Amino acid sequence: MRDGQITGTAARPARKRRQEGPARRLWRRIRKPLAASRFTMPFVAWFVARAFRFVYWTNPLIEGSDKTAEKLTQYMPPIVALWHGQHILSAFDRPRHISVSAMLSRSADAELNALVLERNGFRTIRGSGGRAGSTAADKGGARALIALKKTLDAGNVVAMIADIPHGTPRQAGMGIITLARISGRPILPVAYATSRRKVLDRTWDKTTINLPFGRRAVVFGEPVYVGRDAGEAELEEKRLAVTAGLNAATAKAYALVDGRR
């Protein structure tokens with residue numbers, strides 16, 4: 001689930017461009033033709049969904065984890081916040097009786113994510129894939145924000161990636177904070193981890209691929225509420241609270257599956 005860069009984002013420091021590996025260069029060449037194909041992309045989505053569902057079921061939930069259905073029901077309807085690169089298994093953890101809508105960008109990279117989520121019963125809401133500050137991003141983000149608020153008003157859960165695509169990883173953007181302010185719904189940080197995993201070190205967000213036959217942890221952080229009349233200082237305070245909550249949940253999830261206290 002990729003954040004569609006809703007209007008209002010955290011400042012980005014200048015970053016050096018990482019040298020891409022051959023697999024990443026190949027993906028950049030083929031992603032747009034794949035996304036445009038009516039036949040290839042659905043097949044790839046089916047294969048990916050089946051593969052990660054296998055991973056999900058071969059990683060039993062470890063003691064000390066939170067129960068997703070209980071947490072979501074307690075705060076219905078919440079805004080579920082996840083980090084980029086750490087969210088893959090969330091697609092398979094949706095309680096069947098709870099409707100969840102996920103925010104994704106309109107980029108070619110997000111097409112596969114959207115199809116995989118839809119195969120697992122999610123509704124998808126597409127925002128702009130443009131960079132913050134562009135007219136297209138502002139218009140696409142505003143439309144997505146309205147759609148997300150309507151989803152929450154209808155009593156359905158919204159899932160969003162908190163950090164900004166290709167921005168500063170593990171730093172919440174202002175988009176999710178804005179949604180919490182206008183909807184009055186709490187942000188619930190959540191982290192997923194498995195004991196067997198492969199970290200893609202060359203990716204900007206250190207994408208983690210979960211592997212089968214290990215242990216799985218799910219950890220929810222404390223809810224973050226944003227006042228409807230929150231000013232700039234309070235919005236920044238809440239952004240930092242979401243960042244801290246997600247980082248704490250992530251650290252606890254990895255400590256559980258790795259056998260650390």
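Residues are numbered from 1 along each chain as its sequence is written. Because the model is predicted, local features need pLDDT of at least 70 and side-chain atom pairs count only at pLDDT 80 or more, while totals for chains, interfaces and linings use all residues; side-chain values use heavy atoms, with hydrogens and water left out.

The largest nonpolar core has 32 residues, of which Val80, Phe92 and Val190 touch the most other members. Such a core is a set of buried Ala, Val, Leu, Ile, Met, Phe, Trp, Tyr and Cys residues joined through side-chain atoms within 4.5 Å. Buried denotes under 20% relative accessible area, exposed over 50%, and partly exposed the range in between (1.4 Å probe, protein chains only). At least two residues of this core come from each of several elements, including helix 2 (40-57), strand 1 (79-82), strand 2 (100-104) and strand 5 (187-194). Helices (H or I, at least four residues) and strands (E, at least two) are DSSP runs numbered from the N terminus. Helix 2 supplies the largest share of the core, six residues. Another core, of 25 residues, lies apart from the largest one and has Trp83, Ala144, Ala230 and Val242 among its members.

Leaving aside neighbours within four places in sequence, Phe92 is in contact (heavy atoms within 4.5 Å) with Ala49, Phe52, Arg53, Tyr56, Val116 and Asn120.

Helix 6 (residues 175-183) contains Arg181. Seven of the nine residues of helix 6 are buried, whereas Arg181 counts as partly exposed because its relative accessibility is 25%. Although Arg181 and Val226 are 45 residues apart along the chain, their C-alpha atoms are separated by 5.0 Å. Beyond its neighbours within four places in sequence, Arg181 is in contact with Val226, Gly227, Arg228, Ala230 and Leu235. Just after helix 6, Gly184 has a positive phi of about 75°.

The loop between strand 6 (197-199) and strand 7 (208-210) holds Thr207. Thr207 counts as buried because its relative accessibility is 17%. The side chains of Thr207 and Asp205 are joined by a polar contact of 2.7 Å. A polar contact is a pair of N or O atoms within 3.5 Å; within protein, one must be able to donate a hydrogen and the other to accept it, and residues adjacent in sequence count only if both atoms are side-chain atoms. Lys206 lies in the loop between strand 6 and strand 7 and has a positive phi near 55°.

Most residues other than glycine have a negative phi, and most peptide bonds are trans. Arg170, in the loop between strand 4 and helix 6, has a positive phi of about 65°. A cis peptide bond, with omega about -15°, joins Met76 and Pro77.
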